[in-house]
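Colleague: I am new to this structure and would be grateful for a close look at one part of it. Could you begin with a loop and go on from there to the helices and rings?

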Amino acid sequence: MTAVTDHADQSDHTEPADRADRADRADQADRANSGDRSAPGAEQAHDSREGRAEGEGRPGAEGRDTRPGSRSGPAWDDGLIARRVAGAQRPSGAATGSGTATGSGSGSGTDAGVDTGPRSYAPAGNPSAPPSGNPTSTPTNAPSTTLTPPHEGPLHTRLDALRELVGLSRTRLDSGTLAEAGRVLDEAAARRRLSERHTVVAIAGATGSGKSTLFNSLAGVMISETGVRRPTTAAPIGCSWTDGAAGLLDRLGIPGRLRRRPLQGAGADELQGLVLIDLPDHDSAVGEHREHVDRILALVDAVIWVVDPEKYADAMLHERYLRPMAGHAEVTFVVLNQIDRLPGDAADQVLDDLRRLLDEDGVALGEHGEPGATVLAISALTGEGVGELREALGQFTQERGAAARRISADVDAAAERLRPVYVTGTHSGRNRGRIGLSEEAREEFADRLADAVGAAAAGDAAERAWRRNAGKACGDPWFRLWRWYEARRYSQGVPTPVALTPVDEEATARQRVEHAVRTVADEAATGLPVPWGQAVREAAVRGAEGLPEALDELAVTAGVPSGRPPRPGWWPVAVLAQAAMTLLQIVGGVWLVGQIIGVATPNLGVPALLMLVGIVGGPCVEWASRMAARGPARRYGHDAERRLREAAAGCGRARVLDPVAAELLRYREVREQYVRVAGARSPIG
């Protein structure tokens with residue numbers, strides 16, 4: 001169980017003069033050990049001691065214990081304590097790589113309360129600061145040399161695609177849907193701006209799982225206090241094996257007072273570049289502790305989950321963390337701790353059951369050379385298995401690919417969350433297997449608009465007009481007179497059928513237009529995810545505004561033929577023939593009348609023959625003209641219908657189909673970007 005040094009300050013009843021005297025003696029011993037070196041760290045420690053001695057009389061200083069054995073917060077800012085801890089664990093007179101030196105032990109034994117055993121703290125006021133005695137150390141603000149992992153190129157492509165995807169989708173999707181993708185982009189950019197030489201690994205677990213014990217075991221020094229009080233961790237603690245990690249710790253929100261350095265020894269080199277974070281309990285009763293865990297787990301490069309034989313199957317751990325983060329298996333370690341408490345082969349049985357639970361959670365296990373989570377069984381208390389974990393962490397850190405793998409896993413998770421708004425599993429209707437409007441759907445839309453505008457009726461009217469003109473020019477005049485008389489008599493004696501009023505016709509036409517727009521919009525939206533289908537329908541509805549009025553104008557302008565219908569070449573011949581038949585009837589009739597009144601010589605045969613030819617020939621000419629007029633009249637009507645149909649289709653295309661096509665094109669673009677974001681891990685159906 002971890003414990004942050006947030007204990008209450010202990011009162012120091014030692015007289016200020018005595019404490020100042022002890023500080024001076026410790027300072028003299030330290031100067032004797034360090035010789036004539038003028039390391040910046042030594043000067044800083046000296047200044048710190050002088051300042052503390054001078055401040056003993058200031059208000060607020062009397063209530064704090066500044067002895068090395070005390071656990072109050074300000075004591076850890078004294079550089080002398082770090083040198084005493086290091087000096088107690090090195091041979092006498094050996095100089096450290098950081099510029100500090102140890103004496104024969106008298107300097108560290110000045111105070112009887114100093115604990116130089118493995119439970120001592122090894123604080124680092126600023127983990128990113130260079131060692132005081134090493135002039136070649138990299139300064140904090142110096143740019144770090146980074147190595148590009150082999151998978152950095154594909155990751156860069158996926159991040160660019162995700163950024164383009166979010167940009168194209170902002171006007172079509174709500175901000176909540178794109179929030180996670182935006183967060184992944186922001187965190188990826190923030191992490192890539194920081195050092196890639198370091199790998200940030202968090203140790204997480206439940207209450208009593210042994211996180212702090214493992215943390216201290218890896219660091220080789222007592223950094224995070226262990227105890228039985230639950231919970232004791234109030235904030236995460238960071239431990240950096242190398243310099244230059246200040247930016248990473250700042251990003252995690254870990255203050256300087258909670259930043260430590262591990263014990264520098266023979267085994268520290270294999271963990272160079274590691275930044276280890278000890279987290280509070282994820283099941284802590286304090287909500288702030290759980291918030292710390294959730295916040296930092298979203299920012300670190302990798303996680304070591306520490307479980308114990310009693311709570312390794314805890315539902316909260318699996319349902320809240322392991323299962324949702326199953327895609328982060330390559331940056332996950334699952335450690336079964338406290339195996340020293342298990343008798344016989346019980347540890348193997350518990351470990352096998354843990355692997356089974358992880359498999360049920362969807363966490364890939366890194367076995368047989370396959371990428372996945374590393375599962376180990378250790379005892380942080382006895383050290384069993386810790387060496388294997390240290391070796392695995394060392395190899396993991398030296399690869400310098402954890403940050404890229406974590407970002408890639410975050411992109412995978414964001415792509416999986418966005419999948420419902422970019423990909424649908426089924427396609428139905430005529431658009432099965434494709435996105436967009438088929439030619440058949442476009443033709444049906446044009447047909448519905450033509451019906452709404454009355455293209456067929458306009459063609460029939462044009463055909464009738466052509467026949468009517470042909471009948472006037474080539475028809476029998478006596479038949480025309482009789483038809484006129486009958487029509488007039490019928491109109492006076494028989495009531496005229498009630499026709500639709502213009503208002504009813506307009507309402508009917510508007511309904512047809514709206515039905516056509518809804519049908520084509522539904523057809524275009526078939527197979528699209530819900531947000532994009534809604535965007536297609538909205539584009540169609542916006543375009544349909546004013547469409548009925550525009551079609552009415554087309555019916556007036558394009559539907560009515562301008563001028564007289566064209567006359568075919570046989571028309572003058574038919575007109576002359578009909579005129580000749582009429583003239584024969586008139587001549588024969590006048591001749592007969594003249595014979596009756598005695599003006600002409602009696603001869604009934606010739607005038608009767610002339611009248612018979614005229615009477616029979618007139619209807620024959622009219623019938624022949626009507627037969628000959630069918631083809632031209634039909635073509636004329638078809639031309640009129642085609643013109644109105646094309647005009648209506650063009651109006652519908654400009655107002656409805658083009659906006660719908662633009663939405664479909666945008667969806668194709670974002671779908672292509674989504675395919676790039678998803679990569680090979682999330683196949684598109």
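Modeller: Gln338 sits in the loop that joins strand S6 (332–336) to helix H10 (346–360); helices (H or I, at least four residues) and strands (E, at least two) are DSSP runs, numbered from the N terminus. The model is a predicted one, in which local features need pLDDT of at least 70 and side-chain atom pairs count only at pLDDT 80 or more, while totals for chains, interfaces and linings use all residues. Residues are numbered from 1 along each chain as its sequence is written, and side-chain values use heavy atoms, with hydrogens and water left out.

Gln338 is not a glycine, yet its phi is positive, near 65 degrees. With 12% relative accessibility, Gln338 counts as buried (under 20% relative accessible area; exposed is over 50%, partly exposed in between, with a 1.4 Å probe and protein chains only). Arg400, also not a glycine, has a positive phi of about 55 degrees. Arg400 belongs to the loop between helix H11 (386–398) and H12, and at 25% relative accessibility it is partly exposed.

Residues in the contact (heavy atoms within 4.5 Å) include Val184 and Ala188 of H5 and Val411 and Tyr422 of H12. By type, the contact residues divide into eleven nonpolar, one polar and five charged; Ala, Val, Leu, Ile, Met, Phe, Trp, Tyr, Cys and Pro count as nonpolar, Asp, Glu, Lys and Arg as charged, and the others, Gly among them, as polar.

The whole structure holds five aromatic pairs, that is, rings of Phe, Tyr and Trp (its six-membered ring) with centres within 6.5 Å, called stacked under 30 degrees between planes, edge-to-face over 60 and tilted for the rest. One of them is the tilted pair of Trp305 and Tyr321, with 5.2 Å from centre to centre and 45 degrees between the planes. Both Trp305 and Tyr321 are buried. Tyr422 and Tyr674 form a stacked pair, at 5.5 Å and 25 degrees. Tyr422 is buried at a relative accessible area of 0%, and Tyr674 is buried at 0%. Ring pairs join Tyr422, Trp532, Tyr667 and Tyr674 into a cluster.
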